[in-house]
Amino acid sequence: MSDEVDAVAPRDEDAVRRSVEHMAMMLADMGFPRMPSRVLMTMMSAEETSLTAGDLADRLSVSPAAISGAVRYLMQMGFVVREPAPAPAGTTTACPTSPGTA
């Protein structure tokens, strides 16, 4: 038995971004709006359980207004919910809905 712990390879963020864009393109090809597709796939691939609009805008290199519209659409579809963020005050986060809650 070895005392050595198996090392976990670091996450390849470029590969994650490419995968997000590929999956979003597939959703868009099926008729799902492009920006909500990108936001949903970014959230699904994130290591965090929720992301702020600023986080999403930074990761996707888009404006916060684009994120706001996409999150609003995803909320109407039941894919995400908005929750108050612990800090700073007035910040909200979006997180995927739990299965069966939408």
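Visitor: How do the residues lining the largest cavity divide into nonpolar, polar and charged?

Guide: In this predicted model, the lining of the largest cavity consists of Met 43, Glu 48, Thr 49, Ser 50, Leu 51, Ala 94, Cys 95 and Pro 96. Met, Leu, Ala, Cys and Pro count as nonpolar, whereas Glu counts as charged. The division is therefore five nonpolar, two polar and one charged.

Visitor: Which element supplies the largest share of the lining of the largest cavity?

Guide: The cavity has a volume of about 30 Å³, and the structure holds one cavity of 30 Å³ or more. Ala 94, Cys 95 and Pro 96 are among its lining residues. The largest share, three residues, comes from residues 92–96, which form strand S3.

Visitor: Which helix gives the most to the lining of the largest pocket?

Guide: About 220 Å³ of space lies in this pocket. Helices H1 (13–29), H2 (34–45) and H3 (53–60) each supply at least two residues of the lining. With five residues, the helix that gives the most is H1.

Visitor: How many residues of the lining of the largest pocket are charged?

Guide: The lining has 14 residues, and those nearest the pocket centre are Glu 13, Val 16, Arg 17, Thr 42 and Arg 59. Four residues of the lining are nonpolar and two are polar. The number of charged residues is eight.

Visitor: What geometry does the aromatic pair of Phe 32 and Tyr 73 have?

Guide: A search of the whole structure finds two aromatic pairs. For Phe 32 and Tyr 73, the ring centres lie 5.7 Å apart, with 80° between the planes. Planes over 60 degrees apart meet the criterion, so the geometry is edge-to-face.

Visitor: How far apart in sequence are the parts that the pair of Phe 32 and Tyr 73 ties together?

Guide: Phe 32 lies in the loop between H1 and H2. Tyr 73 belongs to helix H4 (residues 64–77). The pair therefore ties together parts whose separation in sequence is 41 residues.

Visitor: Is Phe 32 buried or exposed?

Guide: Buried means under 20% relative accessible area. Phe 32 has 16% relative accessibility, so Phe 32 counts as buried.

Visitor: Which residues do ring pairs link into a cluster?

Guide: The rings of Phe 32 and Phe 79 also form an edge-to-face pair, with centres 5.7 Å apart and planes at 80°. Phe 79 lies in the loop between H4 and strand S2 (80–84), so this pair ties together parts 47 residues apart in sequence. The cluster linked by ring pairs contains Phe 32, Tyr 73 and Phe 79.

Methods. Residues numbered from 1 in each chain as written. Predicted model: local features only at pLDDT ≥ 70, side-chain atom pairs only at ≥ 80, totals over all residues. Heavy atoms only, no water. 1 Å grid on protein atoms, 1.4 Å probe; cavity = no way out; pocket = protein on both sides within 12 Å on 5 of 7 lines; lining within 4 Å. Points joined across faces, edges and corners; volume = space filled by probe spheres on them. Helix = DSSP H or I, 4+ residues; strand = E, 2+ residues; numbered from the N terminus. Phe/Tyr/Trp six-rings, centres within 6.5 Å; stacked < 30°, edge-to-face > 60°. Buried < 20%, exposed > 50% of the residue type's maximum accessible area, 1.4 Å probe, protein only.
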